[in-house]
Amino acid sequence: MATDISSAPAPRSKATPKPRSSAPMTTRDRIVMCAPDHYCVDYVINPWMEHQIGQADLARARKEWDALRSLLAQRAELLFVRPEPGLPDMVFTANAGLAFDRTVVLARFMTEERRPEEPFFQAFFEAQGFSVAPWPDEIPFEGAGDALPDAKRELIWCGHGWRTSPEAPPLLEAIFDRPAVSLRLVDPRFYHLDTCFCPLSDGWLMYYPGAFDAESLETIARLAPPERRLEIQLADALHFACNAVESGGRLILNEASAGLQHRLREAGFEPMLTPLGEFIKAGGAAKCLTLKLNATRMEEAR
Ligand SMILES: NC(=O)NCCC[C@H](N)C(=O)O
């Protein structure tokens with residue numbers, strides 16, 4: 001994969017960290033969410049859900065989700081998908097698909113439990129005026145849970161190994177006309193790429209190395225210079241620190257150790273913690289509860 005990293009920016013002086021914005025000041029992120037009206041854990045499709053059936057507290061989940069929504073609404077435009085009874089994981093809109101400009105690739109879920117969500121997400125995108133890119137039914141793809149745009153490098157980081165097929169990245173490359181870099185996930189606790197990897201603005205990458213095979217770590221090292229790599233410890237990864245949403249100049253996440261928060265500030269980010277423990281019972285946190293509609297052109301960003 002021939003991505004040129006020679007234009008990577010020089011590291012900012014550690015003495016003068018400044019919060020940065022993930023988007024030009026004139027644009028606001030557009031983010032899709034789905035209210036937890038029907039949220040619960042009533043099946044097990046990842047290790048986080050084991051022993052959690054019936055354990056999610058809906059009132060507390062609603063409070064956590066409302067707090068996340070309020071934080072995001074201060075600086076982003078929010079759009080809402082209608083929650084459907086019997087589809088408790090619809091709250092995790094990251095998995096609905098991957099959208100750029102007016103085109104969306106819809107999820108083709110690996111697990112039977114989540115496949116019934118597909119038509120509802122499709123209806124949402126069509127109502128918003130998106131065109132749905134054709135996708136082969138036999139190739140699982142779990143949307144922006146496993147496909148993370150990197151604006152600086154103009155590529156898409158793609159995870160596979162648990163939920164998304166290794167055949168997905170070349171298809172995404174063709175549809176979105178940008179490189180898709182494959183990373184293999186090897187730890188079942190980090191079953192989606194967004195649970196262990198987070199591309200940030202200015203080419204920064206925050207990730208938990210233990211979630212990847214050796215070849216994938218080499219790929220990351222080849223495309224990102226050490227001064228732009230923020231490797232995190234298992235304890236932070238288990239608190240879903242990588243499952244962060246960068247929006248409006250802030251980095252919103254469930255939890256991060258004091259050490260990680262310090263490193264993020266040194267790198268110029270403004271971490272903002274908001275507890276999401278009820279959703280971690282189903283294996284998701286801030287990033288999973290959101291889907292950014294990516295705009296590559298100013299006129300599309302609104
Ligand atoms: N990691 C994500 O992008 N989403 C979280 C999905 C949680 C859901 N219970 C699942 O296993 O598919």
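**Close-up views of a predicted model**

View 1. α6 is followed by G268, which has a positive phi, near 100 degrees.

**View 2. The open sheet β6-β7-β8.** Three strands, in the order β6-β7-β8, form an open sheet with mixed pairing. β6 (147–150) and β8 (180–184) are the edge strands, each of them pairing on one side only. On average, and with direction ignored, neighbouring strands of this sheet are turned by 25 degrees against each other.

**View 3. Pairing of β6 with β7, and the helix on the sheet.** Strand β7 comprises residues 155–160 and pairs with β6 in the antiparallel sense over 4 bridges. Within this region, D150 stands opposite L155 in β7. Helix α3 (residues 168–176) packs on the sheet and touches β6, β7 and β8. The direction of α3 makes about 155 degrees with that of β7.

**View 4. E50 in the loop between β1 and α1.** The loop that holds E50 runs between β1 (30–34) and α1 (58–73). Is E50 buried or exposed? E50 has 11 other C-beta atoms within 10 Å, and a residue counts as exposed if that number is 12 or fewer; E50 is therefore exposed. E50 and G283 are 233 residues apart along the chain, and their C-alpha atoms are separated by 9.9 Å.

**View 5. Confidence of the prediction.** The average pLDDT of the chain is 92, and 89% of the residues score at least 70. Residues 1–17 have a pLDDT below 50, and this stretch makes 21 contacts in the model beyond near neighbours in sequence. The pLDDT is also below 50 over residues 21–25, a stretch with 6 contacts in the model beyond near neighbours in sequence. For the complex, the predictor gives an ipTM of 0.99 and a pTM of 0.91.

How values were computed. Residues numbered from 1 in each chain as written. Predicted model: local features only at pLDDT ≥ 70, side-chain atom pairs only at ≥ 80, totals over all residues. Helix = DSSP H or I, 4+ residues; strand = E, 2+ residues; numbered from the N terminus. Buried ≥ 20, exposed ≤ 12 C-beta atoms within 10 Å, placed from the backbone. Pairing = 2+ DSSP bridges. Axes fitted to C-alpha atoms, helices over the stretch in contact; angles between N-to-C directions. Contact = placed C-beta atoms within 7 Å. pLDDT = per-residue confidence, 0-100.
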